[in-house]
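Please examine the structure shown below with attention to its pockets. The report that follows describes how their linings are made up.

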Amino acid sequence: MAPGRAVRTRGGVPVILTRLARSGRGGWLLLAAGLIAAFALPWLIYPPVALDIACWALFAASVDLLLGFTGLLSFGHAAFWGGSAYCTGLIALHTGLPFPVAIAGGAVFTALLALPIGFLSVRLSGIYFAMVTLAFAQMIYFVANQWRDVTGGENGLQGIPRELFGLDLSDSFFFYYAGLPFVLAGLFVAWRIVRSPFGRVLVSIRANPDRARALGYPVDRYKLQVFVLSAALAGTAGGVFAIGHGFASLEGVYWTTSGQAVMMVILGGIGTLWGGAIGAALIVQLQDFLATAGFAETGIITGLIFIVVVLVFRRGIWGTARHLLAARGTPAPADVAAEPRKSVDTPA
């Protein structure tokens, strides 16, 4: 663009965005930009912080599967993030297996853990579902704190190895690229879920569970299935986090971990998947900046920013951007969480 030349807009939206949206290539360009950002991240910021962003992005996506697409607010996902961290750490410490096997074991463990929790929770909705999942998470926290011979109690598990067929992954920069495939695979699974007929049924359940039930869909079974899938994704993120940092602690299973993931989803935009990654990047980077600056009460600043964003961007950052395009009569770029184009009429 020549110096001094103004950017042409239509209704306040840059023309280039309008053309991308109408061409149908916007979604692919967003996906390509996301992949480039993921691979470039450790070159731009401190590698451990980059790994935190990747893990929290997957964790936020797992929460968004429930909150944004099924209408279930879970305050108990810390049980799956932290539970997988402990399970992954125990496998890596006591078996000597490669860390991908340990992460897979942690994900399977959380899926199995989610079965009874989900079975008892999905019959509820709203604040009742949130409180029941929180109660179960606190039970897991109590077990992890008391079972000191296995979990290490307040000391947690330390020195979790990064074994991978003799490769030296002690450098956080190199481990980032070793752990990134798990995060990308988890995000791809979330993308496939929301873009599949199964995901469309979830949206119909969120919109009107009684109508979905009247059409013949077993609503509770669908809720249980997405709850288990969400737990497995959260467990994958927790396992990568534990291996990357070499420890698993009680903080991972504490309820504030669930609250932070929910905050990331709301900041980025509920029901978008992309929004969770944006919220994770903002929160993790802000916490790292404040901690580096010596500011102890990081929760005060993040809480204030959360309030401002919620008041100014009612749909979250990414959700507001999509809404602005739609409000100008322009189809929003097809991101990974675009709502189904067809309503659910008949049972699958």
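In this predicted model, the lining of the largest pocket is made up of 26 nonpolar residues and 2 polar ones, with no charged residue among them. The space within the largest pocket amounts to about 780 Å³. Its lining comprises 28 residues, of which Gly34, Leu35, Leu187, Trp274 and Ala277 lie closest to the centre of the pocket.

At least two residues each come from α2 (26-44), α3 (47-67), α8 (172-194) and α13 (274-292). Among the contributors, α2 provides the largest share, namely 9 residues.

The second largest pocket has a volume of about 630 Å³. It is lined by 27 residues, and those closest to its centre are Trp56, Phe241, Glu251, Gln260 and Gln287. Which kinds of residue, nonpolar, polar or charged, form the lining of the second largest pocket? This lining divides into 14 nonpolar, 10 polar and 3 charged residues.

The elements that each supply at least two residues to the lining of the second largest pocket are α3, α4 (78-95), β4 (247-248), α12 (255-268), α13 and α14 (298-312). The greatest contribution to this lining is that of α12, with 8 residues.

How values were computed:
Residues numbered from 1 in each chain as written. Predicted model: local features only at pLDDT ≥ 70, side-chain atom pairs only at ≥ 80, totals over all residues. Heavy atoms only, no water. 1 Å grid on protein atoms, 1.4 Å probe; cavity = no way out; pocket = protein on both sides within 12 Å on 5 of 7 lines; lining within 4 Å. Points joined across faces, edges and corners; volume = space filled by probe spheres on them. Helix = DSSP H or I, 4+ residues; strand = E, 2+ residues; numbered from the N terminus. Nonpolar A, V, L, I, M, F, W, Y, C, P; charged D, E, K, R; others polar.
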